[in-house]
Amino acid sequence: MEQHVVTGARAFKRRIGATMTLAVFCAAPFVVFQHTLLDAATRFRVEFNYLMSGWGPWFLVGAGVLCFVPVVVSIERSAYSRWALTPTIRRAYEIWGATFYLLGVLLLTQTAQISSAF
């Protein structure tokens, strides 16, 4: 008996768990940094420095979450499935997603600290 055989119910549970985790990580910055988001949205203007400092971290968080979507979709897929990713590509998406997300959250933390000083 093989121990690495994944049943359909187990794969479904893993995908649902990963989807819920991704939803939490997507919503967490909006909950934690809502004051910073409201401050940036109420004083919107089209200037390079403003867009990079005010909205750049949000774009990084969004890019990080989007990098995790193919990883979640490919969980426990067969190698012959249209939605399967090879392990190297999947690992690359995971690393890029974690890097973008963490960089965005760290920049949001700095932006919140700077905006609360004024």
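I take helices (H or I, at least four residues) and strands (E, at least two) as DSSP runs, numbered from the N terminus.

**Basis.** I am working on a predicted model, in which local features need pLDDT of at least 70, side-chain atom pairs count only at pLDDT 80 or more, and totals for chains, interfaces and linings use all residues. Residues are numbered from 1 along each chain as its sequence is written, and side-chain values use heavy atoms, with hydrogens and water left out.

**Helix 1.** Helix 1 has 25 residues and covers 36 Å from first C-alpha to last, close to the expected 36 Å. For burial I use relative accessible area: under 20% is buried, over 50% exposed, and partly exposed lies in between (1.4 Å probe, protein chains only). Ala11, Ala18, Leu22 and Pro29 are buried in helix 1.

**Aromatic pairs.** I pair rings of Phe, Tyr and Trp (its six-membered ring) if their centres lie within 6.5 Å; planes under 30 degrees apart count as stacked, over 60 as edge-to-face and the rest as tilted. This rule gives three aromatic pairs. One of them is Phe30 with Trp58, which is stacked because the ring centres are 5.0 Å apart and the planes stand at 25°. Phe30 belongs to helix 1 and Trp58 to helix 3, 28 residues apart, so this pair links distant parts of the chain. Phe30 is partly exposed at a relative accessible area of 40%, whereas Trp58, at 8%, is buried.

I then noted Trp96 and Phe100, a tilted pair with 5.3 Å from centre to centre and 40° between the planes. Both sit in helix 4, and because they are four residues apart, about one helical turn separates them.

**Phe100.** For contacts I require heavy atoms within 4.5 Å. Leaving out residues up to four places away in sequence, Phe100 touches Leu60, Val61, Ala63, Gly64 and Cys67. I also checked Met52, 48 residues from Phe100 along the chain; the two C-alpha atoms are 15 Å apart.

**Thr36.** I found Thr36 in helix 2. Thr36 is buried, with a relative accessibility of 8%. Beyond four places in sequence, Thr36 is in contact with Thr111, Ala112 and Ser115.

**Pockets.** I searched on a 1 Å grid over the protein atoms alone, where a pocket is an open set of points at which a 1.4 Å probe fits, with protein on both sides within 12 Å along at least five of seven lines; lining residues have an atom within 4 Å of a point. Points are joined across faces, edges and corners, and a volume is the space filled by probe spheres set on them.

The largest pocket holds about 300 Å³. Twelve residues line it, with Asp39, Tyr50, Gly54, Thr111 and Ser115 nearest its centre. At least two lining residues come from each of helix 2 (34–42), helix 3 (48–73) and helix 4 (87–117). I class Ala, Val, Leu, Ile, Met, Phe, Trp, Tyr, Cys and Pro as nonpolar, Asp, Glu, Lys and Arg as charged, and the others, Gly among them, as polar. The lining of the largest pocket is then four nonpolar, five polar and three charged residues.

The second largest pocket holds about 230 Å³. Its lining includes Ala18, Leu22, Phe68 and Tyr101. Helix 1 (8–32), helix 3 and helix 4 each give two or more residues to that lining. I count ten nonpolar, one polar and no charged residues there.

Terms used. Expected span 1.5 Å × (residues − 1).
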